[in-house]
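Some notes on this model follow, point by point. Please read them with the structure open.

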Amino acid sequence: PDPVLLFVGRLSYPPNEDAVRWFASSVLPLVRARVPRARFRVVGAGGENLSAELSELTGVEFVGAVEHLKAQLDIANVAVVPIRFGAGTRLKVIEAMANRIPLATTSVGCEGIDVEDGVHCLIGDDETSLAEACVRLLENADLRGRIADAADTLYRERYRWSTIQQTFAQLAREAASSDRAR
């Protein structure tokens, strides 16, 4: 099957809309120059105007909203988070980590997540470096495996709900005991 670069996000959100437009028009052509069969699948609600605008680009597939994301995640070779502006925690990064999908992202795309470039993901902040990150992951199964393994370990240690609940409970216990000590 053709290699799949997957983006998941609400497409009516301006940072996501910009990310998809930029990746499809500026990054994907560089990827496809080296991996001609690569496809960029865009999953998420909204984005009808974006879909119409980018529908003529080779290799771009708009899926739209899906009831169950698992089928899309299962066919992805690489998750891409080409966010260039905005704030907040990037749940799409956590989602990729939790599903063992190697990640190519921008620095802004992984803000707030303790990932390390070359360990948990590959980071590229311009068209050339992000395309290179995607190509490296698409062409190197060992690298994909190492990135997915490290990201999965980080997810389990820091970002899985049960881990977050335990950490929160510990912080609450510590706060309560320090209040009693006063």
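1. Leaving aside its neighbours within four places in sequence, which residues is valine 31 in contact with? The model is predicted, and in it the contacts of valine 31 are Leu5, Ala38, Ala131, Cys134, Val135 and Leu138. Valine 31 is also one of the buried residues of H1.

2. Helix H1 covers residues 14–34. At 1.5 Å a residue, its 21 residues should span 30 Å; the end C-alpha atoms lie 29 Å apart, so the two values agree.

3. Look next at the buried side of the account for H1. Its buried residues include Pro15, Asn16 and Asp18. Trp22, Phe23, Val27 and Leu28 are also among them.

4. The largest nonpolar core has 54 residues. Leu5, Phe7, Phe23, Val31, Phe40, Val80 and Met97 touch the most other members. H1 supplies the largest share of this core, eight residues. In soluble globular proteins, nonpolar side chains tend to be buried together.

5. Now the sheet. Six strands form an open sheet, ordered S3-S2-S1-S4-S5-S6, with parallel pairing. S3 and strand S6 (122–123) stand at the edges; each has a single partner strand, so one side of each lacks a neighbour in the sheet.

6. Strand S1 (residues 4–8) pairs with S2 in the parallel sense over five bridges. Strand S2 (residues 39–43) pairs with strand S3 (residues 60–64), also in the parallel sense, over four bridges. Valine 43 takes part in both pairings: valine 8 stands opposite this S2 residue, and glycine 64 is its bridge partner in S3.

7. What handedness does the β-α-β unit made by S2, helix H2 and S3 have? The unit is right-handed, and its helix, H2, spans residues 48–54.

8. Alanine 96 deserves a separate look. This residue sits in helix H4 (residues 91–98). Is alanine 96 buried or exposed? Its relative accessible area is 2%, under the 20% cut-off, so alanine 96 counts as buried. Not counting residues up to four places away in sequence, alanine 96 touches Ala79 and Ile101. Alanine 76 is 20 residues away along the chain, and the C-alpha atoms of alanine 76 and alanine 96 are separated by 9.7 Å.

Conventions
Residues numbered from 1 in each chain as written. Predicted model: local features only at pLDDT ≥ 70, side-chain atom pairs only at ≥ 80, totals over all residues. Heavy atoms only, no water. Helix = DSSP H or I, 4+ residues; strand = E, 2+ residues; numbered from the N terminus. Buried < 20%, exposed > 50% of the residue type's maximum accessible area, 1.4 Å probe, protein only. Contact = heavy atoms within 4.5 Å. Expected span 1.5 Å × (residues − 1). Pairing = 2+ DSSP bridges. Right-handed = clockwise from strand over helix to strand, strands pointing away. Core = buried A, V, L, I, M, F, W, Y, C linked by side-chain atoms within 4.5 Å.
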